[in-house]
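Let's go through this model and ask what stands behind each label. Have the structure open while you read.

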Amino acid sequence: MTKPSPFKWFKTSPEIIRLAVMLYVRFPLSLRNVEDLLHERGIEISHESVRFWWQRFGAMFAAEIRKNRAERLRSGPQWQWHLDEMFVKINGERHYLWRAIDQEGEVLESFVTKTRDKKAALKFLKKPMKRYGRPHIFVTDKLRSYSAASKEVGAADRQATGRWLNNRAENSHLPFRRRERAMQRFRRMRSLQMFAAVHASVFNHFNLERSFYSRVNFKKNRAAALAEWRGLGAS
């Protein structure tokens, strides 16, 4: 039995919806910026349509990308994860966005909490381990919550800390920070959690590490990523 198309009751074509969602999530653009860019292509839509589309389809696209990549990551041993947390203000109140990055720079998990204690670190640590398995090394900063959580899961001997060891995690925060400024911050934990998860999957999908490839291979990988994106939600 074939699944009904998620675009069935929409007058706008799926190609335009995918393009609008990709522009808004992938690049540091506002809703009105996306509206103007589509207008340059002869597509007349409202910025409120872009808002509705990304909230309706963003999580679906992200889940499909995450499912395909999780199968590949589980097929081999996990070598090294970089764990770090960043401060995010919601209505003037400080919250914490915990993020797990693998050795290739892909975002494995994003998790929002109000506290930065052992309980929050433990809950965050268990989420990627349940999905991808256990890595050989956990690279963290010197926050004590990580040490306590590592002991709880029996991985205290796998934790590594150092002054520059966690630079990969620190650098991975930059695209999200740029996106956060364009959105003028968040107003609810739920919206932050949702956008962080969607942004992570889209970032992974288009993270081609162009400095490691020749121009020819980079163009092939970019074309393959775009072709896979255009097929999301089609099955």
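Q: What makes the crossing of α1 and α2 right-handed?
A: A crossing gets that name if the near helix is turned clockwise from the far one by less than a right angle, and it is left-handed if the turn is anticlockwise. The crossing of α1 and α2 counts as right-handed. By the way, this is a predicted model, where local features need pLDDT of at least 70, side-chain atom pairs count only at pLDDT 80 or more, and totals for chains, interfaces and linings use all residues. Residues are numbered from 1 along each chain as its sequence is written, and side-chain values use heavy atoms, with hydrogens and water left out.

Q: Why are α1 and α2 called oblique to each other?
A: The axes of α1 (residues 14–26) and α2 (residues 31–40) come within 10 Å and cross at roughly 135°. Axes are lines fitted to C-alpha atoms, for helices over the stretch in contact, and angles run from 0 to 180 degrees between N-to-C directions. Under 35 degrees is roughly parallel, over 145 roughly antiparallel, 65 to 115 roughly perpendicular, and the rest oblique. So α1 and α2 are oblique.

Q: Which residues of α1 and α2 meet?
A: Leu19, Ala20, Leu23 and Tyr24 in α1 meet Leu31, Val34 and Leu38 in α2, where contact means heavy atoms within 4.5 Å. By class, this contact has 7 nonpolar, no polar and no charged residues. Ala, Val, Leu, Ile, Met, Phe, Trp, Tyr, Cys and Pro count as nonpolar, Asp, Glu, Lys and Arg as charged, and the others, Gly among them, as polar.

Q: What about α1 and α8: why are they oblique?
A: Their axes come within 10 Å and cross at roughly 125°, with α8 covering residues 215–230. That makes α1 and α8 oblique, too. Here Arg18, Val21 and Met22 in α1 meet Leu226, Trp229 and Arg230 in α8, a contact of 4 nonpolar, no polar and 2 charged residues.

Q: How do you know that β1 and β4 pair?
A: Two strands pair if DSSP finds at least two bridges between them. 3 bridges join β1 (residues 80–90) to β4 (residues 137–140), and these strands run parallel. One of the bridges links Gln80 with Ile137. Likewise, 3 bridges join β4 to β5, again parallel, and Phe138 stands opposite Gln159 in β5.

Q: What makes β3 and β5 edge strands?
A: The open sheet has 5 strands in the order β3-β2-β1-β4-β5, with mixed pairing. β3 (107–113) and β5 (159–161) each have a single partner strand, so one side of each is left without a neighbour in the sheet.

Conventions
Helices (H or I, at least four residues) and strands (E, at least two) are DSSP runs, numbered from the N terminus.
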